[in-house]
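Thanks for coming. I will go through one model today, and I will keep to what was computed from its atoms.

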Amino acid sequence: MITLSHFAQQIPPFHVMALLERAQQLAAQGHDVIHLEVGEPDFETPTPVLEAIAGATRDRGTGYTPAAGLPALRQAIADDYQERFGATVSPARIVVTPGASGALQLALAALINPGDGVLLCDPGYPCNRQFVNLVGGEPQPVVLKADNHFTLTANELLEAWQPDTRLAMVASPDNPTGNMLSLDSLQAMAEGAVQKGGLLLVDEIYQGLCYRGPAESVLSRTDQVMVINSFSKYFCMTGWRLGWLVAPEPLVPAIERLAQNLFLAPSTPAQYGALAALQEPALTILEQRHQLFARRRQCLLNGLAHLKLPVVSNADGAFYVYVDVSAWTDDSFAFCADLLEKEKVAMTPGLDFGDGHDHHRYVRLAYTCAESRLVDALHRLGHYLESL
């Protein structure tokens, strides 16, 4: 008899996947389903990027690159940090990875021994807990407060630090709330983590999707931090599975050895596409899409206010809003499932994002569809609420 590992047995499912499967069934039956649950851009990869990928596969071959990525791409990422964020980052500190998930696995494998603690935001991206479990670490949730719009402060993070904590993970912009942390706060977190003998890891994969000011990076303030990023969200390259990790330079040789053993190398065609994504004319296309996301965000916020549905996050970035539905339900999954059946609108229940507080109060909405579809979704949602 084959016995599953303890990790495989205990890993929970994404609850939203059951809703997505049902949404796909309804669509296959001819129903018009509006997807507000999907955490990826609805835009195709920009044409200049696709052309670069096609050219690379035709002209340059598809063999392995160095485990840390194409030197030209590492340099291009370093140049982008300087030009867009005023951050001086040596390309030697940059490791290109198979998606941001690959970057996170390398960071944790480089730093965490079995039993080491890792501070995680609750609510937060659910896979983070499982990556910590995979390397034998201990997830240490930092429960965020609704009355502070689920925004983490430096004091809260450092007060949660325990004797066995080795790493703290934060995101800006954040999934599921769309919140952003100020550079002052991130700098205080990074410096405080180092003083406690650990390190801060900042997830910046929604960098560029900001709506109340320019995009920022903690790397403009400090080198004593790890950063993960991705070509998936802002650059609309989700399926190409390409990300990167920026680490303090003394850690990079070990991270590169891990990459050699765990992944061999990131996707070669995707890396050539990423080179084009960091240049014109792709950047102009991406900025136009950023402005469309800003319009969608405002449309959704206005509509939710009209429906008297409280948005409990600041929603300054990414493409998410976090909404309190407790006036209508005490079961966010049942709420989402019933809404899907009756109005054909798909959302993500809050219980996917942690267990430190009553996640059944909340749902996440993603504005990853056209503005006209958001208007239709709000109309259907209003009709559903009136029926309760």
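I will take the pockets, then the nonpolar cores, then one glutamine.

Some ground rules. This is a predicted model, so to speak of local features we need pLDDT of at least 70, side-chain atom pairs count only at pLDDT 80 or more, and totals for chains, interfaces and linings use all residues. Residues are numbered from 1 along each chain as its sequence is written, and side-chain values use heavy atoms, with hydrogens and water left out.

Pockets. On a 1 Å grid over the protein atoms alone, a pocket is an open set of points where a 1.4 Å probe fits, with protein on both sides within 12 Å along at least five of seven lines; lining residues have an atom within 4 Å of a point. Volume is the space filled by probe spheres set on the points, which are joined across faces, edges and corners.

The largest pocket holds about 1000 Å³ of space. Its lining has 47 residues, and nearest the centre are Phe14, Tyr125, Asn175, Tyr206 and Lys233. Helix H6 supplies the largest share of that lining, four residues; helices and strands here are DSSP runs, H or I of at least four residues and E of at least two, numbered from the N terminus. By class the lining splits into 24 nonpolar, 12 polar and 11 charged residues, where Ala, Val, Leu, Ile, Met, Phe, Trp, Tyr, Cys and Pro are nonpolar, Asp, Glu, Lys and Arg charged, and the others, Gly among them, polar.

The second largest pocket has about 260 Å³. It is lined by 13 residues, with Pro12, Pro13, Pro126, Arg129 and Asp352 nearest its centre. H6 again gives the largest share, three residues.

Now the cores. A nonpolar core is a set of buried Ala, Val, Leu, Ile, Met, Phe, Trp, Tyr and Cys residues joined through side-chain atoms within 4.5 Å; buried is under 20% relative accessible area, with a 1.4 Å probe and protein chains only. The largest has 97 residues, and Leu73, Tyr81, Leu200 and Phe231 touch the most other members. Helix H11, residues 282–306, contributes the most to this core, eight residues. A separate core of 25 residues includes Val95 and Leu111.

Last, where does Gln207 lie? In the loop between E6 and E7. Gln207 counts as buried because its relative accessibility is 5%. Its side chain makes a polar contact of 2.9 Å with that of Asn229, meaning N or O atoms within 3.5 Å, one able to donate a hydrogen and the other to accept it; residues adjacent in sequence count only if both atoms are side-chain atoms.

Conventions:
Buried < 20%, exposed > 50% of the residue type's maximum accessible area, 1.4 Å probe, protein only.
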